[in-house]
Amino acid sequence: MTLLSPTLGALLFAGLAVPLLALYILRLRRTRRTVSSTVAWSRRTEDLRANAPFQRLRANLLLFLQLLVLLALGVAVAQPVVEGWGRTQGRVVLVIDASASMSTRDGPGGSTRLEQARALATARVRALQGGGVFVGSVPQVMVVAFAQSPQVVLPFSASLARVEAAIASVQPTDERTLVGPVLELVRAHRAPADDQGTPEPPPAVELFSDGRLLDADTTPLRGAEALTYWRCGRPDTPNAGFSAAGSEPQASDPARSTLFAGLRNFGPVAVERRVEVRSGGVVVAATAGPVTVEPRGSDLSATPGSRRVLLSGPGGAGCLTLSSVPGDAFELDDRAWLVQRSRRPLRLAMLGSDPSLEALLEALEPERLDRVTLDQVNSLQQADPAWAESFDVVVSVGSPPQSMDRGRWLHFGASPAMRGLNPFGEPGRDFAVSVRSDHPALRQCNLNEMLVSTAHRVAVSAPWEALVEGRLGALVMAGSTPRGYAILVAFEPADSNWPFQRSFVNFTAQSLELLAGLGELADLPSLSPGDMLRLRLPDGVSQVTLEGPDGRTEPMAARDGEASWGPIRRVGAYRVTWTGPRGQAVERWVAVNQFDPGECDVAAADSLELAGSMAASGGARMAAMELWPWLVGVTLLLLLWEWWLHHRRAVPSTARGL
Amino acid sequence: MSGGALERLLDPALMQALERLDVGSRRILRGTRQGERRSRRRGQGMEFADFRPYVAGDDLRFVDWNIYGRMERLFLRLFEEEEDLSLVVAVDASASMGFGTPRKFDVARSLAMALGYVGLVQQHRLTLAALHGDAAERLDGLRGRRKASEAANWLLAREAGGPLDFERAARSLASHRMGRGVAVVIGDFLFGQGLPEGVRALAARGWDLFLLQVLAPEEVRPGDHGVHGDLRLVDAEGGTEVEVTVSEAVLREHRARLEAHNAALRELCLRLGVRQMSVETTADLPRLVLEGLRRGGLLR
């Protein structure tokens, strides 16, 4: 047992016990009264006041009880705690999971997991401190909140109040959960070696989470690193919600759209859900009745049950809200937001010559299709560097122009000279080895049959990413240019069998649609929490306002024709507005949804395994035993006893026959 | 003082009423002089009592010759001899008797005078005694109505004061030759020590003993007479000090202890064949004497 404030307790006891004893030592100056006989009198003194020193201290049960009360109070103020219940030496990092799954309400009284985590962390830090109320110190504690990226809420501090305030300040996000960056952050805060060169031990990491860590399999602990996992949430909490949302204009009725909603069930039993679509708060479409979403099954590693729902909804630009009714403990995926854009004919420029590509572009019925040569482009760009921005997309085949820094480009052929693109070797035969089929440009694209006779070899680095990897290098790559965006194909269509395959049509059309959309929004129209919101602005626009799902607005400073904001923390519909060059009000919607299956599977992990090593479980080391509340209880009982005894002496019952 | 002294102690009307009373005794006692009282002693009185067979040495003058003539056996005629009664009235004259309103000692003197007056009127031999210290101051040899004033003067000359060793004073009283008779001791009997021993000494003397306990209301119900607060109680005789914080509980305990003390006294008297009676000083004296003492058997 440890006394956290022994001095205070001793001072209290001594400060009150001495006057108490003095009260008993002081003698009452009594009135003398002569009586005929004292035979019938016995000594009965209940001195409540004293006016003369001193008398011999006599054995007195009341005095004994009062001293006991003072002793119990003194010990209570000294704050005894039972040691060995989880106190930790050295520095401690409290890591609180603030990811989307921590918003699951499966705690006592409908509390969220984050609230549980905050309570657990507060109890834990009090245990580290020992539960002191008046004084005492904690070991050096750092508070880190994390989801997709970590955030230091409080650097190492020994102040219990500051640590508790930091824990309370952790706010929920709707982001995914990545623990790897947290460990890197903790390693960065490792104390330097002492004077003898002995490295300080790494701080103990105490993780308050539901264990839904997306990168747990690839994040190992190093050396003497210790991580304690405090589980928040129930391991049997089911969840069903949206896994995807999309819309497509109906060919038969351009004023209507076909809405897609993917439903997913992680629970062990089938659930019934009704899907409602709202626009401006009004239900505009809904399923005729509940649809059944099959369960995942007994094997937790099995694929969750899924169901796709098709609805007919209104067309036109705007944001639709999809709701899954009824909801469940994890509300985040019970709603989804869907942005629809007004479809308008594309304005395209065609650089170079490729019959199949030209035929495809013409089939898309663009508003404008300008055919230009390489020399024309070079001279046009010299005259007007923003020439490419006057088109939705410039499609080029063959040699690249001198500059592709501005505008949206879909280029087939040799790579332009740009940062991050590193041509090497001689062109050669190649085929697709790996495909980023989740990329919007490559959806529904099967490249297994694609053969390339002459592919330029390119190694890519940031800001480029390879969408299709060939045997010899990147075959399709995408990335940002200084003031634009480009999708590059490392070969000309005529040097492959791709134009004869349906995937070529899908790729080209989706790339054009993507690039055209990026004319205003520099990223996908549907984002996930944790992403950055990047916006390509027309020339002359400098002030952009962002209105979040909670109705709060904040300005986005635009620079170099681009505005960015983020990372985005919460799901919902974000409204971006600005004033165009001609003074017209422009409004764009961005939908932010959390569809990540790793985050939406909210069954809390009983234990945590990081790349094969088990994290210690903190469940059994909840808190140090604080004894002062018990001592206060004992004090009250003693006071009751003392009061009863005193009262019994002062006013005895007649039944006692005195 | 002679005539007035008696009236200071007894009301004339009470004296008149007392003249019709006599001292009651549970036994027929033998005196030293002829008196107005029957004795168990058979002898030279005028009233025939019984016969008994003659034994050698008997006075032949009392042989009933008529019976001898009829039965040829000698029988002696026995007569009840009239003897006087020895009445001893002792008063506790210690300091504790000076308490109370009216004072216990004043009431005790009046009671003693009333008893003594009955004895004198009935021609009994009266001995008055005042117990104080370890001795008994006596006035012996009083007999006849004319001695009443002398007795009153003697009683009025006594005053309560000083301690009392009841055991030694009782032994002192019992050691004097006063004949067998009735002894009445008037006092508060609130002795811390020596009470049983003193009573036994008096009872062993052969007297028909009567203890008349006189208590003041202040002793019985001190709470009603200003005894409250934080007090240091000093015993008037022994000087013993007791510190008390007078509360309801303390008063209840005091009453309980007093009742226990008196109960112990009653039990002792019962065991020794001693009559006992307790009175309060506020009791009406004529009524106490004419009714209370008669009911207690001390007067008849």
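Mentor: Let us begin with the nonpolar patch, whose largest share, three residues, comes from H10(A); please keep in mind as we talk that this is a predicted model.

Trainee: Okay, which residues make the nonpolar surface patch?

Mentor: The patch is made by Leu61(A), Phe64(A), Trp641(A), Trp643(A) and Trp644(A), and its area is about 580 Å².

Trainee: And which helices of chain A each supply at least two residues of it?

Mentor: Those are helix H2, which covers 61-77, and helix H10, which covers 628-650; Phe64(A), for instance, has its place in helix H2 of chain A.

Trainee: Switching to sheets, in what order do the nine strands of the open sheet in chain A come?

Mentor: The order is E18-E17-E19-E20-E27-E26-E25-E22-E23, with mixed pairing. The edge strands are E18 (368-372) and E23 (451-455) of chain A, each of which pairs on one side only, and neighbouring strands of this sheet are turned by 25° against each other on average, direction ignored.

Trainee: How do E19 and E20 of chain A pair?

Mentor: Strand E19 (residues 393-397) and strand E20 (residues 406-412) of chain A pair in the parallel sense over four bridges, and Val394(A) has Trp409(A) in E20(A) as its bridge partner.

Trainee: Which strands does helix H7 of chain A lie across?

Mentor: Helix H7 (residues 374-383) lies across E17 (347-351), E18 and E20 of chain A, and runs at about 105° to E18(A).

Trainee: What about chain B, how many helices and strands are there?

Mentor: Chain B has 10 helices and 10 strands, and 53% of its 300 residues are buried.

Conventions:
Residues are numbered from 1 along each chain as its sequence is written. Chains are lettered from A and ligands numbered from 1 in the order in which they are written. This is a predicted model: local features need pLDDT of at least 70, side-chain atom pairs count only at pLDDT 80 or more; totals for chains, interfaces and linings use all residues. Side-chain values use heavy atoms; hydrogens and water are left out. Buried means under 20% relative accessible area, exposed over 50%, partly exposed in between (1.4 Å probe, protein chains only). Patches are made of residues with over 30% relative accessible area and no salt bridge: like charges are joined within 9 Å, nonpolar side chains (Val, Leu, Ile, Met, Phe, Trp, Tyr) within 5 Å. Accessible areas come from the Shrake-Rupley method with a 1.4 Å probe; for residues, only the protein chains shown count as cover. A salt bridge is a side-chain nitrogen of Lys or Arg within 4 Å of a carboxyl oxygen of Asp or Glu. Two strands pair if DSSP finds at least two bridges between them. Axes are lines fitted to C-alpha atoms, for helices over the stretch in contact, and angles run from 0 to 180 degrees between N-to-C directions. Contact means heavy atoms within 4.5 Å.
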